[in-house]
Amino acid sequence: MACAAARSPADQDRFICIYPAYLNNKKTIAEGRRIPISKAVENPTATEIQDVCMAVGLNAFLEKNKMYSREWNRDVQYRGRVRVQLKQDDGSLCLVQFPSRKSVMLYAAEMIPKLKTRTQKTGGTDTSLQQGEGSKKGKGKKKK
């Protein structure tokens with residue numbers, strides 16, 4: 001026990017962990033969501049969480065091969081966790097606006113939909129639907 005108390009809050013193994021399931025509006029609380037569904041995001045990735053944390057000035061790093069224990073789906077998009085530093089060596093907060101892990105999770109959930117990768121994905125799906133319709137017309141002509 002004394003060994004755990006002697007470790008500095010700035011050690012990387014003392015950083016808080018944020019899994020994508022914590023912010024996912026497709027999950028129930030039993031499945032691991034930790035914030036209100038009204039503030040949660042649809043299928044966030046660990047990379048997006050890291051990008052948002054780094055952009056605001058938090059010290060964060062991605063652990064790609066870690067899995068959330070309640071996650072049954074082993075796909076690559078559900079993998080990963082982000083470790084975020086909340087406190088410095090002396091125990092003071094790194095950023096005053098993030099006093100707790102919940103404040104970091106709520107901020108990340110608020111900012112992920114504003115990422116460029118999220119806004120560009122919605123524009124790309126419309127063109128793929130139009131291409132699909134065009135190929136159906138071509139198939140109909142070939143059958144004659």
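1. A definition is needed before the pairing is described: two strands count as paired if DSSP finds at least two bridges between them. The model discussed here is predicted.

2. The sheet is open and is formed by 3 strands in the order S1-S3-S2, with antiparallel pairing. Its edge strands are S1 and S2, each of which pairs on one side only. On average, neighbouring strands of this sheet are turned by 30 degrees against each other, direction ignored.

3. Strand S1 covers residues 16–18 and is joined to S3 by 3 bridges, the two running antiparallel. Within this pairing, Ile-16 stands opposite Val-84 in S3, and the bridge partner of Ile-18 in S3 is Val-82.

4. Strand S2 covers residues 60–63 and is joined to S3 by 4 bridges, again in an antiparallel arrangement. Here Ala-60 stands opposite Val-84 in S3. Val-84 therefore deserves attention when the sheet is inspected, as Ile-16 and Ala-60 both stand opposite this residue.

5. Which residues of strand S3 point one way, and which the other? Arg-81 and Arg-83 point one way from S3 (residues 81–84), while Val-82 and Val-84 point the other way.

6. Finally, helix H2, residues 46–56, lies across S1, S2 and S3. The helix runs at about 170 degrees to S2.

Notes
Residues numbered from 1 in each chain as written. Predicted model: local features only at pLDDT ≥ 70, side-chain atom pairs only at ≥ 80, totals over all residues. Heavy atoms only, no water. Buried < 20%, exposed > 50% of the residue type's maximum accessible area, 1.4 Å probe, protein only. Axes fitted to C-alpha atoms, helices over the stretch in contact; angles between N-to-C directions. Contact = heavy atoms within 4.5 Å.
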